[in-house]
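Here is a short report for a reader new to this structure. Look over the sequence and the model, then read on.

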Amino acid sequence: MAVDRERVAALVRELLEAIGEDPDRPGLRQTPARVAESWSEFFGGVGQDAGAPLQHTISVSRGPAPDTLPSGAVMLRDIAFRSMCEHHLLPFRGRAHVAYLPGEEVVGLGALPRVIDILAARPQVQERLGEQVADTLAGALDARGVLVILDAMHECVTMRGGRQPDASTVTIAARGVYTDPVARAELVALIGRGRP
């Protein structure tokens with residue numbers, strides 16, 4: 001479902017009036033249209049199939065390099081993401097670290113950030129976002145384990161309420177073998193290491 005930009009713009013105009021502003025003053029004339037445009041981007045994942053980027057997998061044993069079968073996890077670290085908190089409609093942003101233990105199929109690494117982008121482009125809470133990413137990967141791949149760690153800063157924490165500008169929230173979602181803390185310890189350690 002596409003965002004109804006005209007309706008959003010009309011509502012933003014009404015919101016500006018509700019806070020005592022004049023939506024016709026020069027600095028605000030284009031604001032309703034600008035907000036509508038940005039919201040079409042922020043919420044573009046509503047109704048999209050998050051599993052679509054994972055539809056093209058590569059066979060490990062019959063693929064282009066059958067002599068290099070993976071023996072461990074595939075991890076992509078430091079995937080930048082941003083989303084909108086459904087409680088206050090304020091942004092949160094951070095880094096995602098995603099790992100899976102392949103079975104017979106692997107997926108191109110570029111598919112992992114696309115899954116996150118689709119799921120993050122919805123009204124969200126971080127806890128559910130991580131679980132949805134893990135469920136999408138576990139459901140689309142024959143992975144023996146999936147681990148998703150999100151580390152994000154929420155403007156509802158940094159700019160309002162407690163106003164903690166340096167606070168970040170870390171969530172972990174695990175499936176399969178990575179539900180065991182011992183099995184995921186190596187991956188968690190790899191996330192904390194600097195780049196080679």
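## A strand inside

How many of the eleven residues of strand S3 (residues 91-101) are buried? Eight are, so S3 is largely enclosed by the rest of the structure. Buried means under 20% relative accessible area, exposed over 50%, and partly exposed in between (1.4 Å probe, protein chains only). Strands (E, at least two residues) and helices (H or I, at least four) are DSSP runs, numbered from the N terminus.

This is a predicted model: local features need pLDDT of at least 70, side-chain atom pairs count only at pLDDT 80 or more, and totals for chains, interfaces and linings use all residues. Residues are numbered from 1 along each chain as its sequence is written, and side-chain values use heavy atoms, with hydrogens and water left out.

## Partners of S3

Strand S2 (residues 74-85) pairs with S3 in the antiparallel sense, over nine bridges. Two strands pair if DSSP finds at least two bridges between them. Val-74 has Tyr-100 as its bridge partner in S3. Five residues lie between the strands of the S2 and S3 hairpin, where Leu-89 takes a positive phi near 50°.

S3 also pairs with strand S6 (residues 145-154), again antiparallel, over ten bridges. There, the bridge partner of Ala-99 is Leu-147 in S6.

## Helix H4

The buried residues of H4 are Gln-126, Leu-129, Gly-130, Val-133, Ala-134, Thr-136 and Leu-137. They cover an arc of only 160° around the axis, which puts them on the same side of H4. The arc is that of the directions from the helix axis to the C-beta atoms. Exposed Glu-127 and Gly-139 sit on the face turned away from the buried side. Among the elements that the buried residues of H4 pack against are S2, S3 and S6 (contact: heavy atoms within 4.5 Å).

## Aromatic pairs

The whole structure holds two aromatic pairs. Rings of Phe, Tyr and Trp (its six-membered ring) pair if their centres lie within 6.5 Å; planes under 30 degrees apart count as stacked, over 60 as edge-to-face and the rest as tilted.

Trp-39 and Phe-43 have ring centres 5.2 Å apart and planes at 80°, so this pair is edge-to-face. Trp-39 is partly exposed at 27%; Phe-43 is buried at 8%. The rings of Phe-81 and Phe-92 have centres 6.3 Å apart and planes at 80°, so they too are edge-to-face. Phe-81 lies in S2 and Phe-92 in S3, so the pair ties together parts that are eleven residues apart in sequence.
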